[in-house]
Amino acid sequence: MRIAYRTERESATHAAEHGLTFAQLDVIFHIGKCPGITQQELAERLLVTPGNVTQLLQRMERMGLIRRVPEGRAKRLYLTEKGQEYCELLLPKQEQLHIQQFAGLTLEEQEQLLHLLMKLDRAQRRRVRALQAARNLAPFPEASRVANS
């Protein structure tokens with residue numbers, strides 16, 4: 001947790017130097033890597049609620065960084081020219097920051113860490129899906145209370 005916090009703090013400082021928040025920087029990178037991603041997919045990747053991502057995207061749209069394109073019930077996200085310029089300017093610096101942060105590990109240790117983190121991520125995702133499935137199958141307490149009234 002401390003390492004993740006330090007990494008995020010350094011990234012936030014990097015973003016602030018260009019008038020952005022860490023969340024805005026993160027959104028720019030995600031959309032830059034996956035043009036046309038939906039708001040729902042972005043919210044899942046950022047681990048935030050769809051409501052939170054909507055507010056963030058509205059601000060970024062007003063700043064001229066992104067555009068939201070309706071497609072049925074979904075909205076697809078794209079960087080504007082200004083957003084793309086930020087991505088091209090800031091992504092290499094961000095990647096260099098990550099390289100520096102992991103320089104204390106050998107390449108083999110970095111690969112091992114990545115493998116272990118991916119394994120942990122998959123296990124956690126399976127657990128979350130199982131919990132969600134169990135919640136969807138459980139009877140609603142409100143329905144049984146109404147039926148018994």
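Q: Two strands pair if DSSP finds at least two bridges between them. How many bridges join strand β2 to β3 here?
A: Six bridges join strand β2, residues 66–71, to β3, and the two run antiparallel. Helices (H or I, at least four residues) and strands (E, at least two) are DSSP runs, numbered from the N terminus. This is a predicted model, with local features needing pLDDT of at least 70, side-chain atom pairs pLDDT 80 or more, and totals using all residues. Residues count from 1 along each chain, and side-chain values use heavy atoms, without hydrogens and water.

Q: Which residue is the bridge partner of glutamate 71 in β3?
A: Look across from the β2 residue. Glutamate 71 has alanine 74 as its bridge partner in β3.

Q: How many residues lie between β2 and β3 in their hairpin?
A: Two residues lie between them. Glycine 72 sits in that turn. Its phi is positive, at about 65°.

Q: In which sense do β1 and β3 pair?
A: Strand β1 (residues 37–38) pairs with strand β3 (residues 74–79) in the antiparallel sense. Two bridges make up this pairing.

Q: Which residues of β3 stand opposite isoleucine 37 and threonine 38?
A: Take them in turn. Isoleucine 37 faces leucine 77 in β3. Threonine 38 stands opposite arginine 76, also in β3.

Q: What is the order of the strands in the sheet?
A: Read across the sheet. The order is β1-β3-β2. The sheet is open, has three strands and pairs antiparallel. β1 and β2 are the edge strands, because each pairs on one side only.

Q: Where is leucine 47 placed, and is its side of the story buried or exposed?
A: Leucine 47 lies in the loop between α3 (39–46) and α4. Leucine 47 is exposed, with a relative accessible area of 77%. Buried means under 20% relative accessible area, exposed over 50%, partly exposed in between (1.4 Å probe, protein chains only).

Q: Where does phenylalanine 102 lie, and what is its relative accessible area?
A: Phenylalanine 102 is in the loop between α5 (81–101) and α6 (107–137). Its relative accessible area is 32%, so phenylalanine 102 counts as partly exposed.
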